Amino acid sequence: FQVVTTGNPVLDYETMPKSFDLQIFVEDTAGRTDLNVLTVHVTDKNERPVFRGNMAIQTVTIYVLERTPLGRIYQVDAADPEKAELKTNFLWSSFQYSLLPATVPFLILESGAIFSTKEFDYEKDPHSYFLNITVTDPGGLNSTKTVNIKIININDEVPYFTTKQRIYRIPEEQSPGTIIANITARDPDDEGSPSRLFYSIQSSDRYFSINPATGVLHVTGRIDRDALPLQRHPNISVIVRVEDSPSGGHASEMEITIMVEDINDNPPECNPFTFRREANENTAPGTFLLDLRNYCKDIDVDPSNNQFNFTGLSGFGSNNFALESTASGRLVMTESIDLENPANLGVEVYSLTVRVQDIACPNYSNMIYIYIRIKPVNEFFPVFSNLSYEFNVPEITKVGSSIGRVNARDKDRPPSVITYSIVAGGGTRDYTNIFWISPTKGDVKILARLDYETTQKHILTVQASDQEKSATASVTVNVLEVNDEEPVCSPNFYSFQIPVSLAVGTNINGFRIECQDRDSDPRSFRYFINEGNVNNHFTFSPSAGSNSSRLILASRFNYESGFDTNWIYRLHVFITDDNLLSARDKATRLVKTGTVTLSIRVIPNPTTVIATRPGFTVVTKRENLYSESAWYVPFVVTLGSLLLLGLLGYLGFLLATWVCTSCPPAGRVDGAPLINAPEKKKPKKEVVVTMTKLNTVFDGEARDPVTGKMYEFNTRSGARRWK
């Protein structure tokens, strides 16, 4: 029989008992047994050193940042199984450490500390090292483990641009999004892997932008080479920045220049595009009218793009005008224009168009509109339709009436404005002008009443003027006689007394009226009592055909029977001038009537005949009736009256004060008492009041200089009213 180890667990001197007592029990087939003790002593054996920690179970990976200063990067931990204690203290450890390969920039000390011997650069040095660490005990046994050292890259490199081009040329007016350049850069830290760089434009730029991830530079704003500031400075400097971190990283900058080139993108512009010029008719051919080049320009910067011509003169009447050359733009007349020519009748403005066009492609153009007004020249004198005019006007024609019209024209086209005026004639002793002519229409009107008996004919000189030239014509106004004068009798009022017993046929008190009429024959007078002749006691003889007639008692008074009751007769006598007219003419012809008023008192059987006629007082009142439009007349009269009354009252007050202080009381002489003397009766006087209403006659007409309205006026009183 053999005693063997099971191997589970393996005998270990350092960790297990140093001896084992095994009881061996033996039994034979006969059933006899025996028991004995077998003592097994475990002896110590030199074993290989063992690594402790992570190295005992795995390959240790050590990470070292690049640019890390020289120094310890790891501590190897190993132990000897024969020892009860760990052999890690380099002061008393008997282990020896070594590493392979020997060329690596690392070393290991006796204490097991691994040190780096250089400062690593990730971009230049290997990124990983594998070190074989061997630990050997004094007995020569060793163990080996692998340590992997990885160099960790850090952001320690500045990115750099790989794009070499610095100047780019682009035409203006590129659409947004157009790619100008693809800016590229590299970061040494990203060697072997895609770079993670960030692009930006440092300078403030309104024309371009850059993709922050790809570095693609493209157009974002309008690039107009013809506008400021590119007009003067066509080169745009852009500073591009590349960073390896959106914040706090390394960065590089590069300046690129973008040169903007001009293109023909603008048509010629004219300011203004519409021109208005004037030329006199009959202007000589070749006369210069307008230089279009002074008003047009092309704002393209490049001279090859801003040249233009003038072409295509067209429009109504363009055959009368021409351009000297397509380059000059000078417009001249080619033919003289006569407005009186039937071919030009009604034409005052010629409408022309001219095209201003680029010489360079794509030949942009604009239209110019020219309006030329042909100014009429006053070449002809006005001509009256008649050499003389004759108007027959009744003398009773109302003031302000039109009595005729004159008419003048001239051959100028368009027709000139004719102004009419009276330059001579038409005046009388009382009125400077009794005629007025409408300045625009030629209507002749009367400003004052015509009087055949004063002037039978007026000869006027009328002028027609077109402001430069004038002509005159004679106007004869024949005043036609009309029965417009009333018979005027003397006396026109009489008052007397007659006895009741006066004999029939008696010429009462020898009364006779004498009448005259400026425009009627004395035989045309007819006398009749229109009112007040109660019971027809009175008549006139002769009753017609004479300018003198007597008042006759036609019948006796009869008061006793009650036939007569009136003792006072007021007779209204009418004197007409129609005695010579037939009954038919009386109905159509104008008849004028004069009036005489008689007051007759019948005396009942007087005992004493008073030879003298009774005294009477005639009070005449005159009232001037003004038009409502002459409001200022009563206002001025009222104001003046109030001022006069106030002055008179003040003077009366002063006089009364002076009398009271200076004179003794009236009615006493030497203290004698006052005696009431009998009043002496005054003979009664008959007061006859006549009232004559004077209607204001407006015998003049004029135009108000402020409002331009026509008004009528009385040449004697100055009263006015709007027409």
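1. Cys 270 and Cys 296 form a disulfide, with 1.8 Å between their sulfur atoms. This is a predicted model. The link is right-handed, with 105 degrees about the S-S bond. The pair joins distant parts of the chain, 26 residues apart. Cys 270 sits in strand E21 (residues 269-270), and Cys 296 in strand E24 (residues 296-297). Both Cys 270 and Cys 296 are buried.

2. Cys 489 and Cys 515 form a disulfide as well, their sulfur atoms 1.9 Å apart. The torsion about the S-S bond of Cys 489 and Cys 515 is about 105 degrees, so this disulfide is right-handed. Distant parts of the chain are linked here too: Cys 489 lies in strand E39 (residues 488-490) and Cys 515 in strand E41 (residues 507-516), 26 residues apart. Cys 489 counts as buried because its relative accessibility is 9%, under the 20% limit. Cys 515 has 3% relative accessibility and also counts as buried.

3. The count comes to two disulfides. With bonded cysteines counted along the chain, the pattern is 1-2, 3-4.

4. Cys 361 is exposed, with a relative accessible area of 64%.

5. Asp 443 lies in strand E36 (residues 443-446). Its relative accessibility is 14%, so Asp 443 counts as buried. The side chain of Asp 443 makes a polar contact with the side chain of Arg 405, at 2.6 Å. Leaving aside neighbours within four places in sequence, Asp 443 is in contact with Ser 402, Gly 404, Arg 405, Trp 436, Ile 437 and Ser 438.

Terms used. Residues numbered from 1 in each chain as written. Predicted model: local features only at pLDDT ≥ 70, side-chain atom pairs only at ≥ 80, totals over all residues. Heavy atoms only, no water. Helix = DSSP H or I, 4+ residues; strand = E, 2+ residues; numbered from the N terminus. Buried < 20%, exposed > 50% of the residue type's maximum accessible area, 1.4 Å probe, protein only. Polar contact = N/O pair within 3.5 Å; in protein donor to acceptor, adjacent residues only side chain to side chain. Contact = heavy atoms within 4.5 Å. Disulfide = S-S within 2.5 Å.
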